[in-house]
Each structure stands twice: as C-alpha cells, then as structure tokens.
Amino acid sequence: MIRVLLADDHLLIREALVLLLETEDGIEVVADVGRGDEAVESALRLKPDIAVLDIDMPGLDGLAAAERLSRELPSCRPVIVTAHGRPGNLRRAMAAGVRGFLGKDAPGARLAEVVRQVAAGARYIDPQLAADALAAEECPLTPRELDTLRAAADGAPVSRIARGLGLSEGTVRNYLSAAVTKLGVDNRHAAVRAARDLGWL
C-alpha cells in the first residue's frame, strides 16, 4: 500500500484529489491538510511514502515544504501538483528534492500513475514543463538578491528587510537596485512581480 499525504489550500481541490486517489487500488491517503507547515508536521508524524503538495499554500509554500521533507524525512518523496507550472518553479522543485511535478490541468488518472512511479523510485516531470524549462532563460539574480526580493515581497521597508536578513540598509538597497536593473523594471515591487511570474521566487 502506498501511503499518501495531500496538501492543498483549496478545500474543493484537496477533497477531489483525496476522492480520486482513494478510488485507486494500492493507494491510501493518510492525511490531507491545507497548509505547508501542516504538511511537514503531519508527514513527520505519519511517515507517508509520498507527499502531494501544491506550491502556493499558507504557512510554508509547497517547495519549501518539499525541501524540508527531503532533508528531514528522505523516505517521503515529494510530488508537486500545481497551477503554476513555470520553468523557474520546476527548477526550484528539482533543487528541493521533488520527485514528481505535474500541472493541475493533467488528467486525473495521471496523478495516480505519477504516485505509483515515484513510489517505485522513478521521477516524473510533465514533458511540456520540462521542455519549457530547458528553453527558459536562467535567473540572472544572485541568491542574495533573491533573498532580498523575497523579504521585500510584502512591502516591508528597507530597515525591516535589513534587520531580517542581517544586512545594512545600504546593502539591501544595492541588492534591490541590482534586481530592478537586471529585470529591466521600474521599482522593487515590479521586480518582485516579474521574479514571481518567472517562477524565481
């Protein structure tokens, strides 16, 4: 029996995925949660074989949850099911230890196939997303510029970003300015939007 944990913040989608998987022979849904931090806590407690995660969730996004699970519970293989199948998200997912990546527009039966493949030790990446990722440009931002943009995403002032990252305010301004220039936008808010749209944040 393949034991699966499901995490999606949209209750309707989560319940539909639970129903879909529970109709499959050899698959048991041991938990379904609506937050990324709950997914990690439940997985550490229940030790599922597979964690099916959405990317955009409160508490902890699906990629951060996948990274924690890969590190803290390597026997649990993360699978991302998302409406945000951008090339940057796919790259981040692979770096986080994700074993499967498919869009929410995939046929329902495909999820069960992917769960079985990943449980057997294989990887699954949606072929169109893989092709798009290979064709997409690399992120021009440094890890520190990305960290600074993430910290700026909620509109925090430079002083709070600097304190949170342990940097000087001047260094934060320099990182934000570099990100704005590299992305060819007018301000840090536009830089955050552009980086998110490309899947880099």
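The legends below describe close-up views of a predicted model.

**View 1. Strand E1 and its burial.** Strand E1 covers residues 2–7. Five of its six residues are buried, so the strand is largely enclosed by the rest of the structure. Buried here means under 20% relative accessible area.

**View 2. Pairing of E1 with E2.** Strand E2 is formed by residues 27–33. E1 and E2 pair in the parallel sense, and six bridges connect them. Within this pairing, arginine 3 stands opposite glutamate 28 of E2.

**View 3. The β-α-β unit of E1, H1 and E2.** Helix H1 spans residues 11–22. Together with E1 and E2, helix H1 makes a β-α-β unit, and this unit is right-handed. The two strands of the unit are the parallel pair shown in View 2.

**View 4. Pairing of E1 with E3.** Strand E3 consists of residues 50–53. E1 and E3 run parallel and are joined by four bridges. Alanine 7 is placed opposite leucine 53 in E3. E1 therefore has pairing partners in both E2 and E3, and five of its six residues are buried.

**View 5. Packing of helices H9 and H10.** Helix H9 comprises residues 169–183, and helix H10 comprises residues 188–197. Their axes come within 9 Å and cross at roughly 60°. An angle from 65 to 115 degrees would count as roughly perpendicular; H9 and H10 are therefore oblique to each other. The crossing of H9 past H10 is left-handed. On the H9 side, the contact is made by Leu176, Val180 and Leu183. H10 contributes Arg188, Ala191, Ala194 and Ala195.

Conventions:
Residues numbered from 1 in each chain as written. Predicted model: local features only at pLDDT ≥ 70, side-chain atom pairs only at ≥ 80, totals over all residues. Heavy atoms only, no water. Buried < 20%, exposed > 50% of the residue type's maximum accessible area, 1.4 Å probe, protein only. Pairing = 2+ DSSP bridges. Right-handed = clockwise from strand over helix to strand, strands pointing away. Axes fitted to C-alpha atoms, helices over the stretch in contact; angles between N-to-C directions. Parallel < 35°, antiparallel > 145°, perpendicular 65-115°, else oblique. Left-handed = near helix turned anticlockwise from the far one by under 90°. Contact = heavy atoms within 4.5 Å.
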